[in-house]
Structures are given as structure tokens and as C-alpha cells.
Amino acid sequence: MDKKQDYVNHDEMTLLKSISNFKKDLSNKTIKNYIKNGMVKVNNKVITNSSFLLHDNDKIEITYTKNKINDYNLEILYEDDCLIAINKPEGLLSISNDKEKVITAYRMVSDYVKRNDHKYIFVVHRLDQDTSGILLFCKDEKIRDKMQDNWNTIVKKRGYLAIVDGKMNGSGTIHTFLKENKQQFIYSAKEGKEAITHYSVIKNNNSYSLVQVFIDTGRRNQIRVHLSERGYPIVGDKKYKCKTNPVKRLCLHANILEFIHPLTKKLIHIESELPIDMKKIVK
């Protein structure tokens, strides 16, 4: 991808729509992140609103270099000499993939620690792009390896808040084995990778329920599959049969991470509040 591209807009449309027409290989989420992080100019002025209305002959400039990501309001939940945890927003990749190399949580945290005399950071675990919440990085490769090699022993709690479609009640444990088909759809089967999910309904209304989830295993899409198979898919999760999406996001948020610090051996408890857009659904 070029470091910079420009083009002339034609007809009245939003900035998001215009760039989507021009860059058909980019998802709307990626384009929104470009706009939000000040990487798009309209007539030489930075615009950070995806709904900004363009007119005929407006000149658009898109810059892909990382030095344009200079104000992304990184929310740090915990930091010491060897670890840093952030509150990752929904829609942001944990690390780069084939389509997005620039706007990632890894790049943002890396830029931050470099400004504070640390050269590198290392990925400890990941969150799906559509999931928000606590994401942990390490500033030392050996400590990272130690944490990953002993993850199930070091980590004491992994909690998520989910808003599900329907009026769910009570609490319980879901224990199945997960398999994945050729279409990357995951489902419970007689054989597969063991997956254990504990859930407890916090509150509900006639349409939705807020559920606290703790997992013993970190299988791909585990929470999404387990809740959907119980008849309560996560709001916004079209892949696993949810038909509603009132806030245009997957309503899954990593809200608790509790672990034994690899150096001090103290119990570290990190917590993140339910995002505002999710709160609106379950008032």
C-alpha cells in the first residue's frame, strides 16, 4: 500500500461512503479508524467525522504512515516496568493482519512505550477485533514467554460482559467440545477442544440481558458459540445467529483480568467498565 493517496470526490456523500467507493479493499471499520485517527484530509483540512458531508470536487487525501496516528486517546488500565494493559476499543485489531498494518493496538502501545524509554513490547494474548476491553502486553520478551507458557496457571480470572438477545435468567456452566468447519464456523460437537464457560445474568429487560461470563478455557469464539447455542446469541453477532444490532457492534467486552505478577508474585486485578454504547441497551 502507498504511504499516501489522493483523489477528487464526485457528488454529495459522506466521507465514509466516498473513501469506501475509492478504496474497495478496505472495510468500513478500517476506514472509520483512519478517519478517527486523523489520517484523512478534506481540502487540506483533517476531518475526524466519518459522517462529514462531501461535495462535488472536494479533494481527499489519505495518509497511511504511522506518524499520523498521533492522538488516539490510549486508555491505560495498568502499567509497571514490565507490563501494560489497555482498554481496547471495539473495531481495533490487536495486531496487524494482511489488510491492516498501521492502526492496531500493538502499534499504538508500541509508540507509547517508545516515548517512555522502552524499545519493544510483546503480545501476551489477543482480543478479537470486534471485542472491546482489557488487552495485556509485556515489555520484556523473556517475561512474555514465561506468562504464555504458564498462562492457565498464572491467570486466575478472565471475565467478559456480554449483552445477549432475549430475556435470559439465572446462572450456570456450559461445558462442551468445540470444532470448526471449513467456513470457519465453530460449533459444539462430541469431540474437539474442551471449552468451559461460566455465566451469571446481572440484569435484563424485555429485549436484552447483561451477562457476566468467566472462562476456564480460551477457545476461539467460545463465549459467542456457547451463548448462541443456549438460545441467547450476543447482540450484533450475525455470524452466530443474532438478528439484532442496535449499536452497530458486537456487544462483548473483556472486563476482568486477574493474574499472578510474573516478577512480584502479587495478585494483579484489572477491571474495565461496560462501554457507554453497551450500557444504553440494558438501562
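Close-up 1. Ser272 lies in the loop between strand 17 (267–271) and helix 7 (276–279), where helices (H or I, at least four residues) and strands (E, at least two) are DSSP runs numbered from the N terminus. With a relative accessible area of 4%, Ser272 is buried, a word used for values under 20%, whereas exposed means over 50% and partly exposed lies in between (1.4 Å probe, protein chains only). Leaving aside neighbours within four places in sequence, Ser272 is in contact (heavy atoms within 4.5 Å) with Leu77, Asn87, Ile134, His253, Ala254 and Asn255. This is a predicted model, in which local features need pLDDT of at least 70 and side-chain atom pairs count only at pLDDT 80 or more, while totals for chains, interfaces and linings use all residues. Residues are numbered from 1 along each chain as its sequence is written, and side-chain values use heavy atoms, with hydrogens and water left out.

**Close-up 2. The buried side of helix 1.** In helix 1 (residues 15–22), the buried residues are Leu15, Leu16, Ser18 and Ile19. They lie on the same side of helix 1 because they cover an arc of only 165 degrees around the axis, taken from the directions from the helix axis to the C-beta atoms. Among the elements that cover these residues are strand 1 (4–8), helix 2 (28–36) and strand 6 (59–63).

**Close-up 3. The largest nonpolar core.** A nonpolar core is a set of buried Ala, Val, Leu, Ile, Met, Phe, Trp, Tyr and Cys residues joined through side-chain atoms within 4.5 Å. The largest one has 56 residues, and those with the most contacts inside it are Leu15, Ile19, Phe137, Ile163 and Ile234.
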